[in-house]
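I opened the model today to look up a few side-chain and backbone details. My notes follow in the order in which I took them.

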Amino acid sequence: MPFSPPTGGRLAALALSLVVALGSGGLTAAPASASAPASAPASAPGPASPYGPQAPQNPFTAANGAATMHGDSASSGTTAYPGPGTSGIDYSRTALASACPTVVVGGDGYVIALRTTIFGRTPTVHLLDPGTGADLASLALPKGSLFGGVYAYLDNADRLVVVDGNNALVRVGHHRTGSGWELRIDQSTPLGDAVPAGDDIVGLTPDWEGRVWFATSGGVIGTVDTTAGTVRSISTGEGVQNSISTVPGRTAVATDHALYLLSAAPDGTPVVDRRTPYDRGPGRKPGQLSWGTGTTPAFFGPERGTEYVAIVDNAAPHANLLVYRAAGGPDPVCRIPVLTGYARSGTEDAVIASGRSVFVTNTYGYPYPALPEGAPASQPASADFDGGLSRIDVNAEGTGCSVVWNSPVKSAALPRLSLADGKIYTVSVTGPTGSAGLNTFARYHHSVIDPATGAQLTSSFLGIGLVYNPLQMRGTAAPDGTLYQGTETGVVRISRR
């Protein structure tokens with residue numbers, strides 16, 4: 001996260017070139033239309049919903065698919081809503097003059113975006129009109145670390161839950177007034193000294209008892225009871241640079257050394273049930289923001305959506321997908337190298353995980369314009385961004401994994417799988433993809449991928465340069481099929497024509 005940029009594929013980093021955008025005060029919302037798909041379907045799409053089941057619905061979040069950056073508290077990267085499909089699209093852009101890593105949609109259909117300005121480091125909540133994408137209201141929160149502004153979530157009352165710069169866990173509600181819409185803090189719970197001075201919140205998600213779990217970049221893992229106002233925490237002594245995930249009875253946290261599975265004691269104190277080290281590699285790879293895994297743990301499975309938990313390690317030259325039984329021992333179901341068709345591979349993106357399938361995006365060499373404070377030099381210093389996406393399946397016996405396909409698509413966003421229409425949605429990039437090219441002459445496209453074959457079904461041009469750069473952030477689908485994609489300078493609204 002810039003200037004402490006967020007990691008784990010959620011934001012990625014805010015671009016230094018925002019100086020131009022912010023300084024000009026321009027970048028106004030500009031409705032536009034996209035032409036029919038630029039390429040004919042390479043293959044017929046697979047049947048709708050051959051994946052799943054969807055992760056269990058957390059009773060303390062908004063509906064799965066649109067409640068968190070990764071869709072649900074299991075971080076599956078899926079949605080029960082359809083996307084815009086493979087026909088022509090219309091799109092418009094809401095300019096917010098900063099990156100928007102979290103875009104969620106409430107039960108009332110209203111869109112809530114959380115962005116953080118570079119220069120003021122001020123997290124700001126925006127309420128967007130679901131019909132037009134127009135900015136209806138905004139609320140600036142006390143400034144602080146950017147991390148808590150990346151992994152916010154929407155609760156079961158459509159309130160955005162986030163940690164502000166005063167280390168208070170707040171719930172921001174949207175309310176209609178006589179003069180229009182208003183955003184205000186409905187609840188605030190101080191975290192006290194559970195977050196040490198100089199530390200910052202990275203991940204945030206509720207469990208099935210209503211406690212809010214959090215993790216800090218310094219390795220503190222804790223829970224908050226916002227009704228009683230109590231906070232309980234432990235320290236791992238290891239860094240955390242990704243979000244955290246919950247399913248009934250289990251919480252998963254990936255530090256820069258190991259995967260932790262935890263539960264809560266009766267008073268809410270986190271209990272480490274299992275710590276499993278992984279190969280963190282010889283150093284930070286280009287295209288990653290920290291030294292260690294770039295993935296948020298993802299729960300998935302073919303029966304309940306919770307049998308397995310997956311991360312991608314940082315092994316060299318190729319990262320490995322690691323799949324474990326959530327209720328089993330430390331031995332993995334599989335440890336399989338990913339994207340071996342390239343000289344090197346690695347990812348800063350959370351995976352998509354559904355049924356027996358896991359989809360891994362290659363971000364090796366992706367030129368983030370900024371790095372977290374204290375990030376070590378990458379090894380090597382730089383590399384080409386080749387992109388690529390891979391599907392790996394756990395076998396029916398749960399005893400191993402195999403690669404199903406590899407795709408050459410250069411995904412500049414975190415893809416999302418729709419269980420409703422059986423398609424993967426992302427933003428792909430063509431043209432120059434160096435650090436300067438991504439924000440100047442690179443061309444960005446709304447792309448639809450067949451999860452059965454990896455074929456790119458359609459590619460619809462969106463725009464050029466930083467205005468459309470999604471910085472490896474994940475799009476969110478609304479119930480009506482509209483896709484909201486955070487970019488370096490705002491939110492792009494993509495709908496079926």
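I began with Tyr51, which is buried at a relative accessible area of 11%, where buried means under 20% relative accessible area, exposed over 50% and partly exposed in between, with a 1.4 Å probe and protein chains only. I noted that this is a predicted model, in which local features need pLDDT of at least 70 and side-chain atom pairs count only at pLDDT 80 or more, while totals for chains, interfaces and linings use all residues. Residues are numbered from 1 along each chain as its sequence is written, and side-chain values use heavy atoms, with hydrogens and water left out.

I then searched the whole structure for aromatic pairs and found six; rings of Phe, Tyr and Trp (its six-membered ring) pair if their centres lie within 6.5 Å, and planes under 30 degrees apart count as stacked, over 60 as edge-to-face and the rest as tilted. Because Tyr51 lies in the loop between β1 (32-33) and β2 (78-79) and Phe359 in strand β25 (residues 357-361), the pair ties together parts that are 308 residues apart in sequence; strands here are DSSP runs of E with at least two residues, helices are runs of H or I with at least four, and both are numbered from the N terminus. Phe359 is buried, with a relative accessible area of 1%, and together with Tyr51 and Trp405 it forms one aromatic cluster.

Next I looked at Ser243, which sits in the loop between β15 (230-235) and β16 (245-247) and counts as buried at 5% relative accessibility. Leaving out residues up to four places away in sequence, I listed Tyr151, Val202, Gly203, Leu204, Thr296 and Pro297 as touching Ser243, contact meaning heavy atoms within 4.5 Å.

For the backbone, I recorded a cis peptide bond between Ala316 and Pro317, with omega about 5°, and Pro317 is in the loop between β21 (308-312) and β22 (320-325). Another cis peptide bond joins Gln379 and Pro380, with omega about 0°, and Pro380 belongs to the loop between β25 and β26.

Which phi does Ser75 have, although it is not a glycine? I read a positive value of about 60° for Ser75, which is placed in the loop between β1 and β2 and is buried, with a relative accessible area of 3%.
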